[in-house]
Amino acid sequence: MKKTQQRASAPHFGEQPTQLQDNPAAVDPAPVDGRSARWDAHREERRRDLINVARRAIHRLGPDASMEDIAATAGTSKSVFYRYFGDKSGLRHAVGSVVIRQMQQTIAAARQAATDPREGVTAMVAAYLQMAQTSPNVYSFATLPGDGETRQSGELSSFFDSVTVMITEPLRHLLVDPASPLLSYWPTAAIGLVRSAGELWLQAPCDASKPDSNAMAEQISAWLFDGVGHDVPPVSPHSVTAAEG
């Protein structure tokens, strides 16, 4: 089986922390003298800073970190996070939207660089695994369902819908009837396998038996295109660790 070339490392989920200065008087002034546009820009910049430091804190503390712990690690008060995001669910959605957008961009770029459908699927799976691996804590925080949500709701569901579309288009010429309604079945089923296998891989202990992201992507692709009886050659022993944010 043709080996996929080593791919460039994916962007890191974590961002460099931004020093936050809490000045209540500077947080919620009433717009005066036609300065509302500048104030809106300031609030948006402040919100991005909070998302960045929250991601850094979650990378260190884990996906179950409380708002108080996240704020303390960020060097601010939890009231600031509540002011900008409402509650932990709001913060989860804000972090998730940023993380998922980065994943979409990275996976789309991986697909565009491929020369055939199988290579494209393998490249997209590898990009997904690499990004999730940079910080499993942030990935889990951004993708775990909140109160009143299901695993199929939220930012990640839309993300996998978009990846299904990416996979579907290159497969059209493989079918006898490119207009067949069956075209959507395989990509949808494939996404279920990729997500389930990928998350199990993320949770697996980091020891010599654990394949790296490229080898795991090759294996998932072999299962999808060749069937369960096809295994990729074993990888050399190594240790996998999440990159420090």
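These are some friendly notes on the model above, point by point.

1. **What kind of model.** This is a predicted model, in which local features need pLDDT of at least 70 and side-chain atom pairs count only at pLDDT 80 or more, while totals for chains, interfaces and linings use all residues. Residues are numbered from 1 along each chain as its sequence is written, and side-chain values use heavy atoms, with hydrogens and water left out.

2. **Overall make-up.** The protein chain has 10 helices and 0 strands; helices here are DSSP runs of H or I with at least four residues, strands are runs of E with at least two, and numbering starts at the N terminus. Of the 245 residues in the chain, 44% are buried, where buried means under 20% relative accessible area, exposed means over 50%, and partly exposed is in between (1.4 Å probe, protein chains only). Among contacts with a separation of 6 or more, 74% join residues 24 or more positions apart; a contact means heavy atoms within 4.5 Å.

3. **Where α5 meets α7.** The axes of helix α5 (residues 88–112) and helix α7 (residues 136–143) come within 7 Å and cross at roughly 115°. Such axes are lines fitted to C-alpha atoms, for helices over the stretch in contact, with angles from 0 to 180 degrees between N-to-C directions. From α5, the residues in this contact are Lys88, Leu91, Arg92, Val95, Gly96, Val99 and Met103, and they meet Val138, Tyr139, Phe141 and Ala142 of α7. By class, the contact of α5 with α7 has 8 nonpolar, 1 polar and 2 charged residues. In this scheme Ala, Val, Leu, Ile, Met, Phe, Trp, Tyr, Cys and Pro count as nonpolar, Asp, Glu, Lys and Arg as charged, and the others, Gly among them, as polar.

4. **Space inside.** How many cavities of 30 Å³ or more does the structure hold? There are 2. A cavity is a set of points on a 1 Å grid over the protein atoms alone where a 1.4 Å probe fits but cannot get out, and lining residues have an atom within 4 Å of a point. Grid points are joined across faces, edges and corners, and the volume is the space filled by probe spheres set on the points. The second largest cavity has a volume of about 70 Å³. Its lining includes Ile107, Val121, Tyr128, Phe159 and Ile191. The elements giving two or more residues to that lining are α6 (117–134), α8 (155–168) and α9 (185–203). The lining of the second largest cavity has 11 nonpolar, no polar and no charged residues.

5. Ser213 lies in helix α10 (residues 213–226). Is Ser213 buried or exposed? Ser213 counts as buried because its relative accessible area is 8%. Beyond its neighbours within four places in sequence, Ser213 is in contact with Ala126, Leu129, Gln130, Gln133 and Trp201. Ala126 belongs to helix α6 and is buried, at 0% relative accessible area.

6. Trp186, in helix α9, is partly exposed, with a relative accessible area of 29%. Leaving aside neighbours within four places in sequence, Trp186 is in contact with Ile167, Leu171, Leu224 and Phe225. Val165 sits in helix α8 and counts as exposed, because its relative accessibility is 57%. From C-alpha to C-alpha, Val165 and Ser184 are 8.5 Å apart in space and 19 residues apart in sequence.

Terms used
1 Å grid on protein atoms, 1.4 Å probe; cavity = no way out; pocket = protein on both sides within 12 Å on 5 of 7 lines; lining within 4 Å.
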